[in-house]
Amino acid sequence: MEGRRSGFGDAAARRTSVLARQLAQELSPVSFLQPAPCLAYQPPEFHSDKASFDKSAMRELLDGHDVKLRDSFTDLMLSSDLFVSKRVGDRVFATPNFNSTMEEHREKTLDRILFFRSKGVFKGWLTDSSVEDALRRAALFETLGLFDHSLAIKLGVHIHLWGGAIQYLGSKRHHDKWLALTEAYQVRGCFAMSELGHGSNVRGIETVTTYDPSTEEFIINTPCESAQKYWIGGAAQHATHTIVFSQLLINGKNEGVHAFVCQIRDQHGRECPGIRIADCGHKIGLNGVDNGRIWFDNVRIPRENLLNAVADVTPDGKYESAIKDPDQRFGAFMAPLTSGRVTIAVSAVYQSKIGLATAIRYALARRAFSLTPDQPEVLLLDYPSHRHRLLPLLAKTYAMSFAAVDLKNLYVRRKPADSKVIHVLSSGLKAVLSWHNLRALQVCVSISYAIINATITY
């Protein structure tokens, strides 16, 4: 008992000493005409030495390509009040305003896309196929993602998924009919693959399409609730057309998953006959994307709307494909997803960069506690525990940025022999880079929240 009392006494003495030091600081005379060191805030660049390296060279290394184009695209956004939240003197601040309602965020996202269309930004995105064009397109998407991920996702669904499916799964007749309209955003596409009952297991989707040779039409049906197309970006409000992934039944035989072009809204925004759409509603994030659900009730589409690069159906109802193995045929139908995996992997790295840039800059401006009463408070980044949490993530993000650029270059310069390697790398890096992004953002948020919470509490 005596030892325990002694321990309590020591702890009380330590606490009393700490409180005395704090009270001494608080009661010491401070002139409010002369700012105290802890109140003399300056942005980190004001009290940091000039960089010992060429920052433009660093950008060339991390972005990998088209740095000047990224800057010009940023300047284009800063020229419009659709993107600018505040102007102070000659300084311009661009933020998407996450405090807006879901409806406001959705409409503002659409307005921003229409602004880019008016400036000719999308020209050649699908009709030009050179490596340089593909890299320019990637640079613009990455710049969009830095501003607002909703904008990049909504446009990415339209270009990469809807447009990519037309490109890779369609033939010349589809390219001629749809690609220019897609670039002009006169057709607004979405990608109806995932279902309520089947997300990643695409082979198991339950939507059914049959062929009617008497009218030369396909008939699309949602046979049960689990077959509803679910979480389809763009479907809730703005999409006019969709790519429908469905089981194809020909003369009672299931030929597996195929892709079809289907109109879901008319020119006035009204749902087409046999189409039912519901809104997935408010989300924790990405409220600029109008995710929705789609049901099909005996929806008839022309025979030509089957994307037939992999397989086709003749007017009299005969199924034809140069790929006889059903597994290989299914793999060919998944080709548009490769572009999506590459884009998600690269995007994850850029979101990590945003989080770390914000957290590290904050740590170079925010101070907490001083070593002695007459010294300035210590910058957060000068605390070893703070440094040890942020800087290893920064180093890892550099490494993952290089990996993402290599994956992107491999994809845009791909040859048929590279298909398997690209599939493996894009699948693996999508997971690894997304996991890293989750970890980096969680650390950035948690340490900033801990500092703010400590300030409020104590």
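Trainee: How do you know that the distance between the end C-alpha atoms of helix α7 (residues 172-183) agrees with what its twelve residues should span?

Mentor: The expected span of a helix is 1.5 Å times one less than its number of residues, and because the twelve residues of α7 should therefore span 16 Å, the 16 Å between its end C-alpha atoms agrees. Helices (H or I, at least four residues) and strands (E, at least two) are DSSP runs, numbered from the N terminus. Bear in mind that this is a predicted model, in which local features need pLDDT of at least 70 and side-chain atom pairs count only at pLDDT 80 or more, while totals for chains, interfaces and linings use all residues. Residues are numbered from 1 along each chain as its sequence is written, and side-chain values use heavy atoms, with hydrogens and water left out.

Trainee: Which residues of α7 are buried?

Mentor: With buried meaning under 20% relative accessible area, exposed over 50% and partly exposed in between (1.4 Å probe, protein chains only), the buried residues of α7 are His 174, Trp 178, Leu 179, Thr 182 and Glu 183. They cover an arc, taken from the directions from the helix axis to the C-beta atoms, of only 125°, which puts them on the same side of α7.

Trainee: What makes the side chains of Arg 70 and Glu 142 a salt bridge?

Mentor: A salt bridge is a side-chain nitrogen of Lys or Arg within 4 Å of a carboxyl oxygen of Asp or Glu, and these two side chains meet at 2.7 Å, N to O. The pair links distant parts of the chain, since Arg 70 lies in helix α3 (residues 67-78) and Glu 142 in helix α5 (residues 131-147), 72 residues apart. Both residues also belong to a network of salt bridges with Arg 59, Asp 63, Asp 71 and Lys 408.

Trainee: Why are Arg 70 and Glu 142 placed in their accessibility class?

Mentor: Arg 70 counts as buried because its relative accessibility is 4%, and Glu 142 is likewise buried, because its relative accessible area is 7%.

Trainee: What does Glu 217 form with Arg 300?

Mentor: Their side chains meet in a salt bridge at 2.9 Å, N to O. Glu 217 lies in strand β5 (residues 217-221) and Arg 300 in strand β11, so the pair ties together parts that are 83 residues apart in sequence.

Trainee: Why is Arg 300 called partly exposed?

Mentor: Arg 300 is called partly exposed because its relative accessibility is 42%.
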